[in-house]
Amino acid sequence: MNQHIERITKATQPLREQIINHKVYSVITDIDDLKVFMQYHVFAVWDFMSLLKALQNNLTCTSVPWFPKGSAATRHLINENVVGEESDVDEFGSRMSHFELYLQAMHQCGADISPIEKFVEKLKETGDFDLAYSTSDTPDGARNFVDFTFEIIRSNKDYLQSAIFTFGREDLIPGMFHSIVNDMHKNFPDSISIFKYYLERHIEVDGDHHSHLALQMTSNLCGNNEQYWQEAEEATIESLQKRIDLWDSVYEKILLRKEAEVGL
């Protein structure tokens, strides 16, 4: 393994452990708790697509006339991920993005999709993030998470986009959470089936093959530039901390919900 990759992996391991063993999973005990989780997490699902498209724009030719650009292996990785994220299949074989699939899962279990829908609609209309946040009443934890992702996107530094793509995203949802969802599905199959399918698709699509290619992509983009590697490490650490902060905010919201329920 590349020594720089080893260094980032070692430096970030404690943060990854915090995410995988986060206390938020222990308080998700029923569908109402899961709804809260999804209402925050959906913003990360959405901005992941924006990160991926930024990489596609930077690392492949998306303009006309077309010319070969960069490494063919990297182009393949990015385009394969875009196909999987932007036009996957649901349980019945219908094409849709993972974001749209996630919205379907939220709708099925009764989670409130109006904040994310208002956010996307206002952002599409105006391009103004602050206005979209205020219009949709986006939770602070989700807002901070999205802001950091777009800070990296706007840097236009493909090696930083690649680093947080490679080290900081959806492979961090632990087996414990899958078990919770599977247990809920046994009792409430008509409410959880789409979300269960969504999680299973991520395991299937984001396997070892993609992980290996993503590591290689980051290695290629940073090359022998020590400053790039240092920046990549710092961005990865901050990305993981933003995920912890997001999970912290979900945890606090779920506790507030439970306390309010007891007080009724």
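Trainee: Hi! Which residues does Trp-229 touch, not counting residues up to four places away in sequence?
Mentor: Trp-229 touches Asn-2, His-4, Ile-5, Arg-7, Ile-8, Thr-218, Ser-219, Cys-222 and Gly-223. Contact here means heavy atoms within 4.5 Å. Before we go on, this is a predicted model, where local features need pLDDT of at least 70 and side-chain atom pairs count only at pLDDT 80 or more, while totals for chains, interfaces and linings use all residues. Residues are numbered from 1 along each chain as its sequence is written, and side-chain values use heavy atoms, with hydrogens and water left out.

Trainee: Thanks. Is Trp-229 buried or exposed?
Mentor: Trp-229 is buried, at a relative accessible area of 0%. Buried means under 20% relative accessible area, exposed means over 50%, and partly exposed is in between (1.4 Å probe, protein chains only).

Trainee: Where is Trp-229 found?
Mentor: In helix α13, residues 226–263. Helices (H or I, at least four residues) and strands (E, at least two) are DSSP runs, numbered from the N terminus. As for Thr-218, 11 residues from Trp-229 along the chain, the two C-alpha atoms are separated by 9.2 Å.

Trainee: Let's zoom out. How many helices and strands does the chain have?
Mentor: There are 13 helices and 2 strands. The radius of gyration is 19 Å, close to the 18 Å from the globule rule for 264 residues, so the chain is as compact as a globular protein of that length. That radius is taken over C-alpha atoms, and the rule is 2.2 Å times the number of residues to the power 0.38.

Trainee: And what share of the residues counts as buried?
Mentor: 51% of the 264 residues. Looking at contacts with a separation of 6 or more, 75% are between residues 24 or more positions apart.

Trainee: Which residues touch the most other members of the largest nonpolar core?
Mentor: Phe-37, Phe-177 and Phe-195, in a core of 85 residues. Helix α3 (residues 31–59) gives the largest share of this core, with 18 residues. A nonpolar core is a set of buried Ala, Val, Leu, Ile, Met, Phe, Trp, Tyr and Cys residues joined through side-chain atoms within 4.5 Å.

Trainee: What does Phe-177 touch, then?
Mentor: Leaving out residues up to four places away in sequence, Phe-177 touches Tyr-25, Ile-28, Leu-34, Phe-37, Phe-195 and Leu-199.

Trainee: New topic: why does Thr-74 count as buried?
Mentor: Because its relative accessibility is 8%. Thr-74 sits in helix α4, residues 72–86, and is in contact with Leu-59, Met-217 and Asn-220, leaving aside neighbours within four places in sequence.

Trainee: What about the backbone, say the peptide bond from Val-64 to Pro-65?
Mentor: That bond is cis, with omega near 5°. Pro-65 is in the loop between α3 and α4.

Trainee: And what is phi of Asp-137 near?
Mentor: Near 55°, a positive value in a residue other than glycine. Asp-137 has its place in the loop between α7 (129–136) and α8 (140–155), and is exposed at a relative accessible area of 65%.

Trainee: Where does Asn-156 lie?
Mentor: In the loop between α8 and α9 (158–167). Asn-156 has a positive phi of about 60° although it is not a glycine, and counts as exposed at 54% relative accessibility.
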